[in-house]
Amino acid sequence: MMNLDIPDPFITTKTKQYGLAKGYQYDYFGQEWIIICAACGIDLYSPTKYDMLKTHLYHTRNECLGGW
Ligand SMILES: [Zn+2]
């Protein structure tokens, strides 16, 4: 139950590659993943890790534009 801090290699690689996020966290109570956007600092939420990456990319490309 408490073993979800193990980094996912795919997510870690993509995160470094795009330089997008400060970190991904799992909210046990809301059962959602939380992304803190590195560019604008807001929290993004997603039910799964893979949707989370998509959600984050969508956010940086269409909403805060990744700080550009
Ligand atoms: Zn943002």
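Student: Which residues make up the largest nonpolar core here?

Tutor: Six residues do: Tyr24, Trp33, Ile35, Leu44, Met52 and Leu53. A nonpolar core is a set of buried Ala, Val, Leu, Ile, Met, Phe, Trp, Tyr and Cys residues joined through C-beta atoms within 7 Å. Buried means 20 or more other C-beta atoms within 10 Å of a residue's own, exposed means 12 or fewer, and C-beta atoms are placed from the backbone.

Student: Which elements each supply at least two residues of this core?

Tutor: β2 and α2 (49-62) do. Helices (H or I, at least four residues) and strands (E, at least two) are DSSP runs, numbered from the N terminus. This is a predicted model: local features need pLDDT of at least 70, side-chain atom pairs count only at pLDDT 80 or more, and totals for chains, interfaces and linings use all residues. Residues are numbered from 1 along each chain as its sequence is written.

Student: OK, switching to strands. How many bridges join β2 to β3?

Tutor: Four, with β2 (residues 32-37) and β3 (residues 43-46) running antiparallel. Pairing takes at least two DSSP bridges. Isoleucine 36 stands opposite aspartate 43. Five residues lie between the strands of this hairpin, and glycine 41 in the turn has a positive phi of about 85°.

Student: And α2, which of its residues are buried?

Tutor: Met52, Leu53, His56 and Thr60.

Student: Which exposed residues does the face turned away carry?

Tutor: Lys54, Tyr58, Arg61 and Asn62.
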